[in-house]
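Hi,

Here is the structure I promised to pass on.

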Amino acid sequence: MQKREEEERLRNKIRADHEKALEEAKEKLRKSREEIRAEIQTEKNKVVQEMKIKENKPLPPVPIPNLVGISGGDPEDNDVREKREKIKEMMKHAWDNYRTYGWGHNELRPIARKGHSTNIFGSSQMGATIVDALDTLYIMGLHAEFLDGQRWIEENLDFSVNSEVSVFEVNIRFIGGLLAAYYLSGEEIFKIKAVQLAEKLLPAFNTPTGIPWAMVNLKSGVGRNWGWASAGSSILAEFGTLHMEFVHLSYLTGDLIYYKKVMHIRKLLQKMDRPNGLYPNYLNPRTGRWGQYHTSVGGLGDSFYEYLLKAWLMSDKTDHEARKMYDDAIEAIEKHLIKKSRGGLIFIGEWKNGHLEKKMGHLACFAGGMFALGADGSRTDKAGHYLELGAEIARTCHESYDRTALKLGPESFKFDGAVEAVAVRQAEKYYILRPEVIETYWYLWRFTHDPRYRQWGWEAALAIEKYCRVSGGFSGVKDVYSSTPTHDDVQQSFFLAETLKYLYLLFSGDDLLPLDHWVFNTEAHPLPVLHLANTTLSGNPAVR
Ligand code: DMJ
């Protein structure tokens, strides 16, 4: 009896539900298409809003480090002030044209006047130039442009996309850029976006060794390595250039996961044998074994060494382990890779299977600045030696510019017999608006105040202005030895993030972003030194 009543009750409920659904359907049919569309849109907006609230969850408050010198640096000297103004005008030209022709795209084609992208950014329009340029706009006092970029990020920057990106590039340009913008401006949105992106990168670390894949799909989390890398390897300069940003992420979120990921990489590297004390550029993330024995301070290796030094600097010089790894690494590099040419130029070659290739890449020119930056605190008081070495690298790289028709440096140059600091192969004669030589001039300027560095920096700025500037922005050139340049029609995002920022700093006073308070990531995004004495990251998340 009771069962029959229950069945009857259920039947009535189903009937009532059906009737209600029917009524709702009839009601819908009475509505116009537009009304129905508007209703669907309202529902969608509600879901998006709810997701946003979830994603934009407030992060725990942390003591913000002492932010010294985020503006200023006004030169007293008229001539220097004019030069600085000129660099700012170049930034305006690069930005305004990107704003007009490439807005939201990753980069700009200044001649075709349209957006441009490469596979490092994946298939999605992530506004790489906006994110990379923000802090440069900020320190140059271009606040309306900064706000415009901020608005785009608030409204459009979305990492829930089916797109496979380079973990390294996205880390140094996006996470680094967002964190620097956050520290400079104090705007929470940048921190939130940086953390959202970092969460999307974490699946790249799901490998048998914990050495991350080079690429990860932001939606599926599936990772893989570059097809061209030796024996399916990950690249030293890629998995070794995460430390600064990841430590800041742990600091800002109170979540140790980021810190643990990069410390795991460090521990693994410490345990490995190093041929001749050198770190090979390739490491297989499945087997944990080195790939080809190729060591370079240029591409594939460069920023790994830079981040060892900068890990120490950003820890307020307390991360002694990182400093030791840096000292050991550069001692081996100096022994095996750094030589003097017949003409007396000091260069950094590349070590391939026990053989030294006497070739130096434009990318390796950053090392002049790195040696100078690491001089203070080096072993057995070798500070003078490393400052001198930095100055020699700056001189060599300046020669590589000076020996061209355009006074801009080639991608790679040789030291073979009669040929010194000159590119030989056609494919190595291009200049793509890279910053490394100017970066080195700036560090050397800060440490020595030798006027030659400002002079060399100005020569480079004039050459960029003369040969790379076009009406729609700035472009790389295909052959620096040809007096009639052919443009590659790409305005790289690092031109705004790095090249113009280092030039601007070169003609600013030292009180703008002083080096004892700020450490620049490898994409020139300044991050403050963390005074972690009371807030150790090494095991106690409760401290914040
Ligand atoms: C930048 O993206 C970074 O400096 C990176 O470390 C290597 N090179 C490019 C610019 O040349």
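Which residue forms a salt bridge with Lys359? It's Glu428, and the closest N and O atoms are 3.5 Å apart. (A salt bridge here is a side-chain nitrogen of Lys or Arg within 4 Å of a carboxyl oxygen of Asp or Glu.) The pair links distant parts of the chain, 69 residues apart: Glu428 sits in the loop between β15 (419–422) and α15, Lys359 in strand β13. Helices (H or I, at least four residues) and strands (E, at least two) are DSSP runs, numbered from the N terminus.

Before you go further: this is a predicted model, where local features need pLDDT of at least 70 and side-chain atom pairs count only at pLDDT 80 or more, while totals for chains, interfaces and linings use all residues. Residues are numbered from 1 along each chain as its sequence is written, and side-chain values use heavy atoms, with hydrogens and water left out.

Back to that pair: Glu428 and Lys359 are both buried, buried being under 20% relative accessible area, exposed over 50% and partly exposed in between (1.4 Å probe, protein chains only).

The salt bridge count comes to 36. Another one joins Arg379 and Asp327, with the closest N and O atoms 3.9 Å apart. Arg379 lies in the loop between α13 (366–375) and α14 (383–402) and Asp327 in helix α12 (residues 320–336), so this pair ties together parts 52 residues apart in sequence. Arg379 is partly exposed at 27%, whereas Asp327 is buried at 7%.

Asp479 is one to look at too: it's buried yet has no salt bridge, and Lys429, the nearest side chain of opposite charge, is 5.0 Å away.

Cheers

How values were computed: Lys, Arg positive; Asp, Glu negative; His and termini not counted.
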